[in-house]
Amino acid sequence: MRAIQAYLRSFRGRTAVVAVYFWLANLAFTIPALLGFNRVISGAAGDSLLLERTDVYGSFTVWMELFNRGGAGFRLLGFQLLMLIPLFVFFSVFLSGGAFHLFIHRASPGLRRFLRNGWNVFPSFLQLFVTCWLIWIPLLLVAITGSAVLSGILRDTGNEAAFRWIAMVWGCLVLVMYAYGMAVYDFSRIRRLQGSGGNWRAFRSGIAFVHGNAGSILFLYILFLVPFLLLFPVTAVLRGASRTLSPILVFLVLQAVIWLRVFLKAVLMHAETLIPRSASLPSSDELDAKGEPDTI
Amino acid sequence: MRRAGIAIVCMAFAMVSHLPATGQVENPVGKTTGPEAVVEYSIDAQLLPVNRRLEGTQVLTWRNSTVHPARTLRFHLYYNAFRGPETTFMKESALGRFRLDDTMKSYRYGGIDVLEVRRIGGPDLTERMAFIAPDDGNRQDRTVMEIPLEDPVPPGGTVRLRFRFRLEIPEIFARTGSWEDYFFLGQWFPKIGVFQKDGTWHCHQFHASAEFFADFGKYRVAITLPQSFVVGATGDPVSVTTGNDGRKTHTYVQDRIHDFAWTAWPKFLELRRQAEVPGRDRPVEVVLLLDPRHEAARDRYFRSVIFAMRFLSEKLFPYPYNRITVVDPPLPAMKSGGMEYPTLITAGHCSLIPEGARFTEMVTIHEFGHQYWYGLIASDEFREAWLDEGVNTFFEGEIMEAYFGAGPSLVDLSWLRLGDSESRRLSLRNLPVVEKVNQPSWHFLSSGNYSSHVYSRAAVFIDTLKGYLGKNKLYDFFALYARRYAYRHPTSRDFIDTLKEVTGQDLEWAFNQFINGTSRLDLAVHSISSEKLKGDPVQYRNRVRLVRREGYFPAEVLICLKNDREVRYLWKDRGRWKDLEFIHESPLRAVVIDPEFLIPLDHDLANNSRVVRKSPREHRRRAVNLGFLFQTLLGMLSM
């Protein structure tokens with residue numbers, strides 16, 4: 001119930017505004033990709049009718065022709081985009097600081113305040129991001145090792161039906177592990193903003209909170225995932241219809257889809273900040289009693 | 001069929017009883033054609049599954065069909081390819097096709113030992129056996145055995161030899177071997193080479209990229225093994241008997257074939273269907289030996305193999321044998337999948353692959369097609385492999401497209417759509433070097449280059465001929481070629497001559513470039529322009545420059561004018577470039593070479609068309625789609 005209440009209470013104007021900020025950031029990092037793709041595709045296709053002849057040649061063939069002619073351009077663009085990804089990841093850490101601050105302190109969602117708060121908490125959020133690798137690395141190792149063992153089972157036994165079931169179960173476990181890792185990260189940050197001690201303590205507090213409220217958190221994630229996943233078939237239909245529409249219109253529609261996605265993400269973040277308010281968090285005194293260091 | 005003290009168990013080969021003449025073939029080509037059998041094998045094999053061993057005896061009757069005396073006999077001992085890492089096959093495999101990865105470090109090798117060979121009514125020849133390596137001189141290679149004869153086999157004469165041999169069955173690799181209690185035995189018995197008209201032996205070593213070539217003949221093979229095994233084999237089953245040790249003996253016979261393979265696995269699900277085939281009096285029995293875990297795929301196998309059989313029976317000549325056995329290997333034994341033997345093929349299925357990826361059908365159709373090109377027409381796969389693999393790959397595309405109708409025939413998923421013919425053209429991308437398609441298989445740069453040329457380039461070439469000659473004319477040619485050369489091992493020369501006979505066109509120029517030569521084909525629109533002329537009414541001087549960057553092939557050129565009118569021009573002169581110029585009321589909009597895409601051999605399609613003014617709409621649409629994918633990725637990585 002706590003999860004549902006928190007989720008429903010998160011559909012607020014300020015959540016939508018935060019989603020706009022998220023979307024703008026996402027778009028800003030996408031523009032180089034859009035321009036880059038347009039440049040390399042135009043360069044590769046030249047003044048030919050290659051792209052217009054997809055029905056004759058087959059779409060796979062057309063892409064292969066493009067990659068073949070514009071190989072260097074595609075490779076350079078790929079490298080540039082790969083470089084953009086870590087930058088975006090860091091920038092998103094910054095954005096999440098502004099968003100969590102806004103949700104926790106119920107501040108007005110003005111852009112300047114959002115950016116200022118994001119900037120203020122960025123150092124500690126970045127430290128928490130690094131700290132969380134203490135959890136993510138073991139989880140990643142478990143996920144990779146398990147997948148390797150699974151493929152070994154398939155290779156040695158050939159039992160595809162059993163493999164399918166085990167793989168599904170394993171996939172669910174990996175998802176739960178992923179959710180656990182992200183929950184620890186989120187609630188560490190929330191705990192940090194709620195002002196009880198330093199990063200290490202916030203991290204420990206986040207773990208303790210996730211362990212104590214696993215059911216609510218899992219339910220909240222499912223509430224987030226259902227509409228989020230529903231957007232994918234909608235997007236597929238939109239992209240399918242895009243051949244008949246103007247590229248600008250398609251672009252605008254797809255941006256609306258992106259905004260919807262980040263809105264759902266913002267709703268989730270907002271809801272996460274609401275759960276601890278009705279749950280017991282380990283206090284600073286309790287953590288001090290355990291002799292936890294305040295910083296890392 | 002009784003032995004003293006042995007209870008005979010009549011087994012469930014119910015269909016055998018009503019077949020007219022077991023092991024014989026229906027007249028395939030409207031006449032009793034084909035040379036007299038050159039070989040006759042009678043093999044008794046005992047499988048010892050626990051020891052992964054096979055002990056066999058073989059009586060071979062060989063007829064010298066040439067005008068030269070045979071002073072030696074040469075035999076393929078293909079199984080010795082798996083004897084160790086230094087065999088020619090294994091060394092070549094390490095370079096490519098059947099890559100020797102880390103798992104092969106603990107590989108269980110195998111091999112064949114000929115324990116005794118004796119001329120029936122003549123001397124013991126065991127001591128005379130010697131291993132030779134005519135292709136590469138590799139002393140570690142024991143895949144060719146030579147026996148000098150004191151008394152040569154005269155022209156038209158026959159020799160009968162009795163062999164005793166033993167196989168150590170390797171871990172499954174390169175279409176033969178065992179995995180747990182699954183056995184697949186291909187290329188497993190001492191097999192005589194082909195004594196050619198010039199009095200020399202055609203008996204090459206087993207190469208990683210080469211397949212097989214042998215004379216037609218009669219085979220009788222009796223396989224004894226524990227009764228729990230379900231057996232599938234080349235030919236028609238004639239009896240199953242049980243010995244007093246509880247082991248069963250399955251006997252198969254078949255006339256007019258040139259190889260024999262079999263498989264055994266206790267877990268096989270054995271399914272049968274009768275297939276009515278155009279031009280045949282009686283149905284063909286289709287036997288499916290299925291991994292029971294693949295039961296959901298049974299219809300995919302049956303439908304595709306029956307469709308292919310009907311297609312080729314209609315287009316070439318009726319499938320002549322009484323049955324076809326399709327083997328679905330278990331996943332860990334997939335290295336025995338995707339191979340053809342007379343009246344038996346191995347395919348492959350994995351239920352984890354979505355149904356829209358039609359590899360099960362593709363492999364089944366491809367391997368069945370080999371029943372004609374490898375099995376019945378039986379070209380030399382060592383030296384002219386394209387006549388089998390290339391032609392068969394072309395027909396695989398034709399059958400896949402006929403089977404699945406419009407749309408992509410190979411992969412039809414929401415995110416990936418790929419036609420069968422399209423896929424093989426793609427494999428010609430980025431070849432390290434263009435080689436002759438028509439050359440001995442082991443002469444290719446690598447196994448990858450072998451398959452790109454012999455399968456794909458040859459098939460794309462035939463696809464191009466289809467566009468040039470028309471489908472009907474090409475099919476007329478294949479019908480005549482197949483009927484004329486069934487059981488006769490035609491060569492590339494026979495292929496080209498028959499094509500000329502049917503079409504009335506000399507196509508040497510095409511074969512010389514793309515099959516016997518190393519040319520690529522690249523036709524391009526170099527430039528287009530429209531110049532407005534002075535005067536009234538308004539007119540334009542339209543100029544088009546076409547260039548042949550590589551190779552020659554006649555092509556149609558579509559000239560599109562801005563007023564939506566079109567002009568078609570057949571560009572067939574052999575110059576490296578061609579200028580077209582005409583005055584018209586409308587300026588040019590675009591020029592397209594080969595607008596119907598009848599020349600898939602053209603390796604660069606982007607230069608086949610040119611527009612006067614670029615329309616960025618399509619470019620933007622693709623960029624938006626790719627940008628959206630990147631945006632989605634960023635969204636997922638948002639922390």
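Predicted model: local features only at pLDDT ≥ 70, side-chain atom pairs only at ≥ 80, totals over all residues.
Figure 1. The secondary structure of chain A consists of 12 helices and 0 strands, so that, read from the N terminus on, the run of elements is α-α-α-α-α-α-α-α-α-α-α-α. Taken along the principal axes, the C-alpha atoms of chain A fill a box of roughly 70 × 60 × 35 Å. Where contacts in chain A link residues at least 6 apart in sequence, 78% of them join residues at least 24 apart.

**Figure 2. The crossing of helix 1 and helix 11 in chain A****.** Two packed helices are described by the angle between their axes and the distance between the axes. For helix 1 (residues 2-9) of chain A and helix 11 (residues 247-274) of chain A, the axes come within 8 Å and cross at roughly 130°, which makes helix 1 of chain A oblique to helix 11 of chain A. The crossing in which helix 1 of chain A passes helix 11 of chain A is right-handed. Helix 1 of chain A contributes Ala6(A), Tyr7(A) and Arg9(A) to the contact, while helix 11 of chain A contributes Val267(A), Ala271(A) and Leu274(A). Sorted by class, the residues of this contact between helix 1 and helix 11 of chain A are 5 nonpolar, no polar and 1 charged.

**Figure 3. The contact between chain A and chain B****.** Chain A supplies 57 residues to the contact, and chain B supplies 45 residues. On the side of chain A that touches chain B, the elements that give two or more residues include helix 2 (13-45), helix 5 (71-105), helix 8 (160-193) and helix 11 of chain A. Of the elements on that side, helix 2 of chain A gives the most, with 10 residues. The residues on the side of chain A that touches chain B divide by class into 29 nonpolar, 16 polar and 12 charged.

**Figure 4. Chain B, with helices and strands****.** The secondary structure of chain B comes to 10 helices and 31 strands, and 48% of its 639 residues count as buried. The C-alpha trace of chain B spans about 105 × 70 × 50 Å along its principal axes. Because a compact globule of 639 residues would have a radius of gyration near 26 Å, the 28 Å of chain B agrees with that expectation. Among contacts in chain B between residues at least 6 apart in sequence, 69% join residues at least 24 apart.

**Figure 5. The surroundings of Met362(B)****.** Met362(B) has its place in helix 3 (residues 359-376) of chain B, and it counts as buried because 25 C-beta neighbours lie inside 10 Å. Leaving aside residues up to four places away in sequence, Met362(B) touches Glu396(B), Met400(B), Leu410(B) and Asp420(B). Ala482(B) lies 120 residues from Met362(B) along the chain, and their C-alpha atoms are separated by 22 Å.

**Figure 6. The surroundings of Phe183(B)****.** Phe183(B) is found in strand 9 (residues 182-185) of chain B, and with 26 other C-beta atoms within 10 Å it is buried. Not counting residues up to four places away in sequence, Phe183(B) touches Leu47(B), Pro49(B), Ile169(B), Ser178(B), Thr263(B), Ala264(B) and Trp265(B). From C-alpha to C-alpha, Phe183(B) and Gly122(B) are 36 Å apart in space and 61 residues apart in sequence.

Methods: Residues numbered from 1 in each chain as written. Chains lettered and ligands numbered in written order. Helix = DSSP H or I, 4+ residues; strand = E, 2+ residues; numbered from the N terminus. Rg over C-alpha atoms; globule rule 2.2 N^0.38 Å. Buried ≥ 20, exposed ≤ 12 C-beta atoms within 10 Å, placed from the backbone. Contact = placed C-beta atoms within 7 Å. Axes fitted to C-alpha atoms, helices over the stretch in contact; angles between N-to-C directions. Parallel < 35°, antiparallel > 145°, perpendicular 65-115°, else oblique. Left-handed = near helix turned anticlockwise from the far one by under 90°. Nonpolar A, V, L, I, M, F, W, Y, C, P; charged D, E, K, R; others polar.
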